[in-house]
Amino acid sequence: MEPIIQMKEITKRFPGVVALNRISFDVRPGEVHVLLGENGAGKSTLMKVLSGAYRPDEGTICLGGKEYSQLTPHLSAEGGISIIYQELSVVNWLDIRENIFMGRLPMKQIGPIRVVDYGEMNTRTTELLKKVNLSSRKPTTSVGDLSISEKQMVEIAKSVAFNAKVIVMDEPTSSLTEEEVQKLFVIIRQLKEEGKGVVFISHKLSEIFEIGDRITIMKDGGYVGTYQVADLTTDDMIRLMVGREIKGTYQHPPEDNFEFGNVIFECKNLTRKDGKAKDVSFSLRRGEILGFSGLVGAGRSETMCAIYGAAPKSSGEIWLHGKQLSIKNPYQALRQGIGLVTENRRETGFFQNFSNKRNISIASQLKKSGCEGLIGLVNGAEEQQIAEKERTEIQIKCASLEQLTAQLSGGNQQKVILGKWMAAGVQLLIFDEPTKGIDVGTKSEIYKLMRGLADEGIGVIVVSSEMPELLGLCDRIAVMAGGRITGMYDVADATEEKLAKAATGESA
Amino acid sequence: MNTTAKKAFTFSDYWDRYSTITILAIMIIVFGILRPTSFLTGGNLIKIMEQSSITILLGLGEFFAILLGGIDLSVSSTMALSGALTAQLMVNLGLHPILAILIGVILFGAFIGFLNGSLVTATGLPPFIITLGTQAILRSLVYIITSARAVSGLPASFSKTMGGKLFDVIPVPILVALITAAVLTFLTVKCQCGRNLYALGGNSQSAWYAGITVKKHTILAFSISGICAALAGMVNIARLAAAEPNAGTGYETFAIEAVIIGGASFFGGVGKIPKVIIGGLIIGVINNGLNMVGVSSYYQQLAMGCLLILAVTLDRFFGASSKN
């Protein structure tokens with residue numbers, strides 16, 4: 001059957017990386033084509049090429065019988081491509097019909113003026129809602145009052161209203177209940193029958209088997225292959241999706257006979273108030289680096305935030321060096337020797353209005369002060385000394401300590417944050433995606449620093465979405481899915497396949 | 001990377017450091033040339049400082065609200081309320097002036113600020129809305145407790161001291177403003193809580209993750225604002241020897257202008273206390289100078305408005321923010 005859209009050998013480069021390397025992808029009428037790959041495999045980039053947001057460097061796209069070297073958002077929409085993103089793009093304060101017809105309101109002529117034809121809009125919206133099994137809602141219901149699943153249906157209705165031929169759904173099931181997923185699948189099957197093509201992006205392998213017809217697998221921006229879903233097993237999918245060489249390791253080599261010490265940190269049955277982490281228990285030995293693997297939204301960062309006191313927990317115990325800690329906010333975590341290197345440096349890691357010196361010294365000075373930081377003097381000389389020490393020790397490349405941290409490179413900003421925690425004398429340091437957006441050279445420096453901390457007896461926990469990073473750095477790796485720990489592996493036994501399997505919640 | 005340290009001193013660097021004082025100097029020179037005999041006399045300059053002292057005090061408090069990226073619109077009402085209450089303590093209850101001042105500043109001023117801060121943190125609403133509300137509420141309270149009549153008959157010792165001159169030369173209101181500024185400079189430069197406030201103003205998310213208790217520090221900032229407004233209230237009733245119920249109406253605008261002309265960022269995290277004093281003096285010089293030159297008071301607001309926009313525009317093009 002003639003594909004609705006055909007992307008041939010698409011290559012997209014960003015400074016320093018090849019995001020897509022000769023990817024071919026097509027969608028036929030009446031099929032569900034699954035796109036599978038790890039975080040960062042290039043799925044979103046490919047979809048952005050499809051939507052016209054990115055311009056590919058090489059390759060062609062055939063759409064509606066014409067061949068293009070790039071699409072524009074307009075061409076893409078005209079050609080019948082509709083993308084439903086994970087973060088839904090409905091407008092909460094408008095009603096359902098306005099959301100569906102946004103930008104293309106039906107008009108009618110009254111005398112000399114053209115006005116919005118609400119009657120037409122209501123009729124058509126009612127029809128569309130019936131189509132997506134949402135007849136229970138009136139066209140005039142405010143979208144803000146709908147559940148996530150219902151909002152998704154509104155987006156699908158919108159795509160249908162504009163005669164979409166290909167509907168891309170980016171992880172549509174990630175925040176749906178099992179029942180809602182089944183409702184979605186009913187609609188997807190209906191779309192198939194009408195001859196529309198559906199691109200389905202998901203990490204949940206069971207769903208892929210249930211709804212998918214063909215599957216294209218991507219790995220590190222490269223094309224692995226396109227298969228019939230029925231021809232593959234779960235293990236095949238995982239093997240094809242991961243499985244690459246690990247470059248450089250930072251563990252103690254076996255011939256060192258390095259032995260881990262006593263347990264220094266323990267987290268017992270931690271559950272978050274909002275349920276984003278459930279009954280999480282693990283421990284950390286002296287000298288050990290513990291990694292946390294899993295998909296985005298699996299509850300890894302959420303667990304770490306709860307340990308650090310940045311998010312409320314409903315139950316659970318935190319033990320450090322044999323003492324039970326009570327941590328209700330980050331200040332108490334800091335006082336009791338726990339630090340968190342957050343995922344987003346700019347938003348939560350450092351202060352754009354502060355110099356390197358101040359950014360390095362803030363935690364140690366705050367720790368010394370009394371009454372939650374309200375009482376106490378800043379010791380200028382000590383501040384200078386602390387900052388100088390960290391600058392030389394972790395080799396922060398900066399023009400001066402008075403320079404704004406915001407002007408440094410990402411890697412050096414991360415070093416400033418690391419220096420801040422080292423100066424504060426932490427006993428446990430949690431890293432959330434520590435090398436995100438950092439160049440290769442600085443990455444390995446940061447790994448070495450982390451290993452150095454572990455060797456000094458400081459507990460090190462790493463949350464990362466990059467499996468090679470975890471396999472190359474950690475001594476043990478915990479895997480989380482759905483807010484729970486679904487697997488715990490010694491690095492010697494861990495493989496990307498095992499981690500990926502546990503991350504999809506397939507088995508522990 | 002090391003080249004930035006050796007870069008030549010540019011106009012941008014100059015403006016970054018000395019913009020506020022330059023504006024003040026230019027204005028003094030201009031008015032000095034226009035009215036050398038009346039404007040540029042020691043007596044007049046001291047008068048300007050005395051007239052500016054209330055703006056400066058309000059500005060010093062306002063600085064902390066703006067430092068957090070917020071605003072405090074209630075300073076004018078806080079000033080009036082604490083002034084009226086203190087006056088009544090002295091007139092009706094016969095309290096000793098020193099005791100009355102202490103109660104007025106610490107109990108009334110700090111408490112109103114504490115309330116503002118608590119409302120902001122508890123509701124999560126923008127400080128603009130909260131303090132717009134408390135501005136109206138507090139002003140109403142002033143009218144209620146004074147029955148909209150001036151409280152007069154303050155002890156002579158009070159008005160003579162607070163509104164008088166030290167050694168017959170330096171007006172006490174100036175001293176109050178300068179001492180307050182000195183204490184607050186110490187707080188912002190040397191105290192950990194001052195450092196934390198800059199951090200919080202720069203990025204509240206980072207501050208929370210760095211272990212800074214956001215709520216307590218927000219309440220602290222608004223409390224300082226309340227204390228400064230109450231001090232302005234003391235100075236005001238002493239100068240007038242009475243507490244007027246509509247005292248300070250609209251003064252929050254002057255306070256905000258003083259802070260912004262003083263180079264503080266409206267987005268928070270940037271600013272210096274001494275520059276607030278200069279900002280307040282600039283407003284005083286404009287009003288006094290235009291009077292001397294014989295410009296109708298109708299034009300004074302016009303001049304203020306233009307200057308405010310000009311100063312911030314120049315900052316945008318030449319100041320620190322232009323480099324980021």
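Author: Residues are numbered from 1 along each chain as its sequence is written, and chains are lettered from A in the order in which they are written. Because the model is predicted, local features need pLDDT of at least 70 and side-chain atom pairs count only at pLDDT 80 or more, while totals for chains, interfaces and linings use all residues.

Reader: Why is helix 9 of chain B described as largely enclosed by the rest of the structure?

Author: A residue is buried if 20 or more other C-beta atoms, placed from the backbone, lie within 10 Å of its own, and helices are DSSP runs (H or I, at least four residues) numbered from the N terminus. In helix 9 (residues 192-202) of chain B, 11 of the 11 residues are buried, so the helix is largely enclosed; among them are Cys193(B), Arg195(B) and Tyr198(B).

Reader: What covers the buried residues of helix 9 of chain B?

Author: The cover includes helix 12 (356-368) of chain A, along with helix 3 (42-67), helix 8 (172-190), helix 10 (204-209) and helix 11 (214-240) of chain B.

Reader: How many residues does the contact take from chain A and from chain B?

Author: Two residues are in contact if their C-beta atoms, placed from the backbone, lie within 7 Å. Chain A gives 31 residues and chain B gives 27 residues, and helix 10 (330-335), helix 11 (345-349) and helix 12 of chain A each supply at least two residues of the chain A side.

Reader: How far apart do the C-alpha centres of domain 2 and domain 3 of chain A lie?

Author: Domain bounds come from an automatic or database domain assignment, and these two centres lie 25 Å apart, with 10 residues of domain 2 of chain A in contact with 13 residues of domain 3 of chain A.

Note on methods
A residue is buried if 20 or more other C-beta atoms lie within 10 Å of its own, exposed if 12 or fewer, and partly exposed in between; C-beta atoms are placed from the backbone.
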